[in-house]
Amino acid sequence: MACRAVLLLAAGIAALARSQHCDSVPGASCLDDEASLLQSSSKEAAATKAHVQEHESKKEIQQHNASSKLQHSEHTCEKDTGGKCGWSTCDASRGGDEAVECTSGWYKFCKCKEGYCAVGGKCVLEYTMGYGATLTDTYCEDKGQSCKASSEEEAHEKCTKDAACAGVYHPGNHPQDWMLCKAPLKTMPSRDGSTVTPKD
């Protein structure tokens, strides 16, 4: 509705300018210029429409990026898994020795180590926060060599900051590489043992 109003306004301004010109020049005939006027108004209207569409497109992209940043900033890293350890070590279901430790003191509980966060009672790598379960035997259309990463952590960090990234792709035939999936995420079956870890 707003776009149509702008187009009508632009056409009206052009018509008014032409009318004023005809009135100000004695003996001038504007009848033969009707086709020219319509063509000029059409061009001005098309240019105005393109400008409005470009402005609306930029606004949508900004809103999408802001929403994506807000979504990922809401993830907090909790350390308490909810498990107790007493005189024993933490159960393996809490994430394993590399991820969880039993605190010292009178009240002992299973706490995630540095670089890990508690999710559903289990310690997971902090950089995987905000991602869903890994899909096996799957690949996605990646964002190209310029977005390639040399480690899983680097790939997740890049993807988290990139609103146009939908997940992390680990090609089975090139296990040394990590790629970023294009948004929206489209996955296909893989015969090479590839995996995709989508954003939540």
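Visitor: What makes Cys85 and Cys102 a disulfide?

Guide: This is a predicted model. In the model the sulfur atoms of Cys85 and Cys102 are 1.9 Å apart. A disulfide needs two cysteine sulfur atoms within 2.5 Å, so the pair qualifies. The torsion about the S-S bond is 80°, and the link is right-handed.

Visitor: Why is this pair said to tie parts of the chain together?

Guide: Cys85 sits in the loop between strand E1 (80–84) and strand E2 (100–102), while Cys102 belongs to strand E2, so the link joins parts that are 17 residues apart in sequence.

Visitor: What is the handedness of the link between Cys112 and Cys123, and where do the two residues lie?

Guide: The angle about the S-S bond is -95°, and the link is left-handed.

Visitor: Why is the disulfide of Cys140 and Cys181 called left-handed?

Guide: The torsion about its S-S bond is about -85°, so the disulfide is left-handed. Cys140 lies in strand E7 (residues 138–140) and Cys181 in strand E9 (residues 179–182), so this link ties parts that are 41 residues apart in sequence. Cys140 and Cys181 are buried.

Visitor: How do you know that Cys147 is in no disulfide?

Guide: The nearest cysteine sulfur, that of Cys165, is 7.9 Å away. The cut-off is 2.5 Å, so Cys147 has no partner. At 15% relative accessibility, under the limit of 20%, Cys147 still counts as buried.

Visitor: Why are the buried residues of helix H3 placed on the same side of H3?

Guide: The buried residues of helix H3 (residues 152–161) are Ala155, His156 and Cys159. They cover an arc of only 95° around the axis, and therefore lie on the same side of H3. Their cover includes strand E8 (165–170), E9 and E11.

Visitor: What makes Ser190 buried?

Guide: Its relative accessible area is 13%, and the limit is under 20%, so Ser190 is buried. Ser190 is in the loop between strand E10 (187–189) and strand E11 (195–198). Leaving aside neighbours within four places in sequence, Ser190 is in contact with Asp137, Thr138 and Tyr139.

Visitor: What does the side chain of Ser190 reach?

Guide: The side chain of Ser190 reaches the backbone nitrogen of Asp192 at 3.1 Å. A polar contact is a pair of N or O atoms within 3.5 Å, so this distance is inside the cut-off.

Visitor: How many aromatic pairs are counted?

Guide: The count is 1 aromatic pair.

Visitor: Why are the rings of Tyr107 and Phe109 called tilted?

Guide: The ring centres of Tyr107 and Phe109 are 6.0 Å apart, and pairing requires centres within 6.5 Å, so they pair. Tyr107 has a relative accessible area of 52%, over the limit of 50%, so Tyr107 is exposed.

How values were computed
Residues are numbered from 1 along each chain as its sequence is written. This is a predicted model: local features need pLDDT of at least 70, side-chain atom pairs count only at pLDDT 80 or more; totals for chains, interfaces and linings use all residues. Side-chain values use heavy atoms; hydrogens and water are left out. Helices (H or I, at least four residues) and strands (E, at least two) are DSSP runs, numbered from the N terminus. Buried means under 20% relative accessible area, exposed over 50%, partly exposed in between (1.4 Å probe, protein chains only). A polar contact is a pair of N or O atoms within 3.5 Å; within protein, one must be able to donate a hydrogen and the other to accept it, and residues adjacent in sequence count only if both atoms are side-chain atoms. Contact means heavy atoms within 4.5 Å. The arc is that of the directions from the helix axis to the C-beta atoms. Rings of Phe, Tyr and Trp (its six-membered ring) pair if their centres lie within 6.5 Å; planes under 30 degrees apart count as stacked, over 60 as edge-to-face and the rest as tilted.
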